[in-house]
Amino acid sequence: MLSYFALLVLHLSLCFQPSTLHFIVEEWIILVFFLGRFMMEVYQAVNGFSNYLRDSWNRLDVITLIVYAVLLILRVITWSVDTSISNNPLLAGAGYLYGINSMLLTLRVFGHIMELKAKHGAIQIALFQITENIIAVFGQLLIVIFAFSLAIFKIRTTQISFDGTPSTVFFESWWSIAKHLLWSFLLEPQVLHVPFERTIVFAQILYVLFLIIAVVMLMNMMIAILTNTYQRAE
């Protein structure tokens with residue numbers, strides 16, 4: 001679990017940096033971590049492939065490794081061949097995939113932590129207090145918002161580098177995206193404005209996925225509250 005948390009921190013650092021042709025320190029460390037994760041996943045699969053695939057976290061790990069493998073190929077190509085950051089579709093693609101992996105790692109780390117807590121359970125239904133139900137599900141919502149905001153934010157910063165537009169207000173840009181996702185869930189969905197035509201499709205797809213997950217989590221919260229109320233009435 002600590003290795004996943006370290007990977008998440010490294011990806012978070014990358015999300016707040018513009019794209020570069022050369023490998024930066026964080027990327028080299030991420031490469032080492034993923035090599036270790038790859039060997040660990042292979043070891044687990046060899047010792048019981050059918051049981052390995054039954055675990056949803058293992059399937060998510062495989063997806064993360066596949067995304068990183070494609071990402072690594074793109075980064076090697078851009079590092080060895082390309083000479084320009086702007087108008088570089090391969091470098092932009094690598095940036096998008098870093099954003100996707102940041103989202104997956106966020107869900108992996110915090111989702112697994114909450115699942116391991118006995119009082120929360122896998123979907124936070126069997127709780128003893130209504131307030132704990134709300135806090136647990138709202139905590140999950142914040143995790144989902146953080147995960148999707150990272151992915152959308154990385155897409156935006158990658159496009160900024162692609163267009164050669166100088167920008168230094170990365171935190172403010174991420175914060176505006178996170179607030180937009182939060183208010184879209186609490187109030188009503190609003191159109192997510194992305195100033196770059198090339199990235200609007202990717203950002204809107206992630207936005208729709210976020211809204212779907214948010215609705216499912218709202219249903220989860222209602223089930224948790226009703227179930228707990230019924231148990232207390234008994």
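Helices here are DSSP runs of H or I with at least four residues, numbered from the N terminus. By that criterion, Leu209 is found in helix α8, which covers residues 200–233. The model is a predicted one. Its secondary structure comes to eight helices and zero strands, and 44% of the 234 residues count as buried.

**Overall architecture**

- From the N terminus on, the order of elements is α-α-α-α-α-α-α-α.
- Of the contacts between residues at least 6 apart in sequence, 74% join residues at least 24 apart.
- The protein exposes about 12500 Å², and carbon and sulfur atoms supply 74% of that area.

**Nonpolar cores**

- The largest nonpolar core has 30 residues, and Met103, Ile145, Phe148, Ile152, Leu181, Leu206 and Phe210 are those with the most contacts inside it.
- Two or more residues of this core come from each of α4, α5 (89–116), α6 (130–163), α7 (170–186) and α8.
- Helix α6 gives the most to this core, with twelve residues.
- Both domain 1 (1–119) and domain 2 (130–233) give residues to this core, so the core lies between the two domains.
- Phe148, one of the residues with the most contacts inside the core, is in contact with Met103, Leu181, Leu206, Leu209, Phe210 and Ile213, leaving aside neighbours within four places in sequence.
- Another core, of 15 residues, lies apart from the largest one, and its members include Leu14, Ile24, Leu65 and Leu71.

- A nonpolar patch on the surface is formed by Val201, Phe202, Ile205, Val208, Leu209, Ile212 and Val216.
- Together, the residues of this patch have about 620 Å² of accessible area.
- Leu209 has a relative accessible area of 41%; this value falls between the 20% and 50% limits, so Leu209 is classed as partly exposed.
- Leu209 belongs to the surface patch and is also in contact with Phe148.

**Asp61 in helix α4**

- Asp61 lies in helix α4, which spans residues 56–80.
- Asp61 counts as buried because its relative accessibility is 4%, and the limit for a buried residue is under 20%.
- Leaving aside neighbours within four places in sequence, the contacts of Asp61 are Tyr4, Glu41 and Arg108.

Notes:
Residues are numbered from 1 along each chain as its sequence is written. This is a predicted model: local features need pLDDT of at least 70, side-chain atom pairs count only at pLDDT 80 or more; totals for chains, interfaces and linings use all residues. Side-chain values use heavy atoms; hydrogens and water are left out. Buried means under 20% relative accessible area, exposed over 50%, partly exposed in between (1.4 Å probe, protein chains only). Contact means heavy atoms within 4.5 Å. Patches are made of residues with over 30% relative accessible area and no salt bridge: like charges are joined within 9 Å, nonpolar side chains (Val, Leu, Ile, Met, Phe, Trp, Tyr) within 5 Å. Accessible areas come from the Shrake-Rupley method with a 1.4 Å probe; for residues, only the protein chains shown count as cover. A salt bridge is a side-chain nitrogen of Lys or Arg within 4 Å of a carboxyl oxygen of Asp or Glu. A nonpolar core is a set of buried Ala, Val, Leu, Ile, Met, Phe, Trp, Tyr and Cys residues joined through side-chain atoms within 4.5 Å. Domain bounds come from an automatic or database domain assignment.
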